[in-house]
Amino acid sequence: MPRTETTPGIEAATPPTRLRWWTELPLILLVYACYSAGRLLARGDTSNAVDHGVTILHIEKFLHINAEHPLNRLFTREAWLGVPADFWYASLHYVVTPAILVWLFRSRAVHYRAARTWLMTSTFFGLIGFTLLPTCPPRLLSAGHGFVDTMAQYSSYGWWGGEASAPRGLGGMTNQYAAMPSLHVGWALWCGVMLWRYGRTRTTKVAAVAYPLLTTIVVMGTANHYFLDAVAGVAVMGVGLFLTPYVMQGADAIRERLFRQRLSLGAGGAQVAGSSIVSAGCQTSAGERIPRQRESRIGSGAEPGASPTDAGEGAPAAAR
């Protein structure tokens, strides 16, 4: 961080950088509220969303990467897989991601800010994707495309309804056409990277690999996302990771500028207050004479025995 310029008499200072939970929690809640609001507001036209979904499906079939079809048939046929998968999709991103944020904040504080900035930056770009490319998920395509909505099929086992993974009766308050990119996969990847880099046990390493992989399988098997949605979720996280240093530098520059402004305002107030104790508004340092002080003393007569310094420069020395 650049050094802060200071004025005479003021020690160098830099803005405080220690993060506090009472500032971090509202920030995270604000970002998540923007995420939810963005999904709700960026509904887009339904026909366009369906067209986008069908186009993605055709591309996957052409490339032979439409893994969501066999996975969805498996989850539909086997309830012991489908029900846990629905619980996984409907809940874990609400639990695991905040839990890892709290863990980093408490135990890996040095790395927390960069990790949080990466997550938030990527989420912002995900919202742009929802807005520019509303996409119908596989479960909402017509039956002729061969998908079954497992959330609707197994809704009696959980709290969600047939409309979405939202609580029963609240599905109409969400944007069900926000499939591209899959932030379920993106956030799971972020969690995996954090566990792999900062976890110290073999269990955390296994979880780091298993969690994003299983999440990718779940979002396709429940017919909530296409495989290319998952790929887009990874790409969004890559963009966020690349931009994180620049976002942090920009935030640091703004914070330091605000800190300098407060510092300069405080210094100005101190100088105004100090000027009231100096005669005639002139401040002198120790040993310094007020201008023309020496001349005035000569004019009024120097005291007998005054030193040459007191008499002024060039004056004859007193007789000894």
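Which helices each supply at least two residues of the lining of the largest cavity? They are helix H4 (79–107) and helix H8 (202–221). The model is a predicted one, in which local features need pLDDT of at least 70 and side-chain atom pairs count only at pLDDT 80 or more, while totals for chains, interfaces and linings use all residues. Residues are numbered from 1 along each chain as its sequence is written, and side-chain values use heavy atoms, with hydrogens and water left out. Helices here are DSSP runs (H or I, at least four residues), numbered from the N terminus.

A cavity is a set of points on a 1 Å grid over the protein atoms alone where a 1.4 Å probe fits but cannot get out, and its lining residues have an atom within 4 Å of a point. Searching the whole structure gives one cavity of 30 Å³ or more. Its volume, the space filled by probe spheres set on the points, is about 30 Å³. Around it stand Trp88, Tyr89, Leu92, His93, His184, Tyr211 and Thr215. H4 provides the largest share of this lining, four residues. By type, the lining has four nonpolar residues, three polar and no charged; nonpolar covers Ala, Val, Leu, Ile, Met, Phe, Trp, Tyr, Cys and Pro, charged covers Asp, Glu, Lys and Arg, and the others, Gly among them, are polar.

Thr216 is also found in helix H8. With 17% relative accessibility, Thr216 counts as buried, the classes being buried under 20% relative accessible area, exposed over 50% and partly exposed in between (1.4 Å probe, protein chains only). Setting aside residues up to four places away in sequence, Thr216 touches Val185 and Ala230, where contact means heavy atoms within 4.5 Å.

Next comes the nonpolar packing. In soluble globular proteins, nonpolar side chains tend to be buried together. A nonpolar core is a set of buried Ala, Val, Leu, Ile, Met, Phe, Trp, Tyr and Cys residues joined through side-chain atoms within 4.5 Å. The largest such core has 22 residues, of which Ile100, Leu104, Trp190 and Met194 touch the most other members. At least two residues of this core come from each of H4, helix H5 (109–132), helix H7 (183–198), H8 and helix H9 (227–274). The largest share, eight residues, belongs to H7. Apart from neighbours within four places in sequence, Met194 is in contact with Ile100, Trp103, Leu104, Ala115, Trp118 and Gly199. A second, separate core of twelve residues includes Leu71, Phe75, Ala85 and Met220.

The charged pairs remain. A salt bridge is a side-chain nitrogen of Lys or Arg within 4 Å of a carboxyl oxygen of Asp or Glu, and by this rule there are four. One of them joins Arg113 and Asp252 at 2.8 Å, N to O. Because Arg113 lies in helix H5 and Asp252 in helix H9, this pair ties together parts that are 139 residues apart in sequence. Arg113 is buried, at 18% relative accessibility.

Another salt bridge pairs Arg260 with Glu256 (3.2 Å, N to O). These two are four residues apart in helix H9, so about one helical turn separates them. Arg260 is partly exposed at 32% relative accessibility, whereas Glu256 is buried at 6%. Arg77 and Glu78 also meet in a salt bridge, at 3.8 Å, N to O. Here Arg77 is exposed, with a relative accessible area of 57%, and Glu78 is partly exposed at 26% relative accessibility.

Note on methods
1 Å grid on protein atoms, 1.4 Å probe; cavity = no way out; pocket = protein on both sides within 12 Å on 5 of 7 lines; lining within 4 Å.
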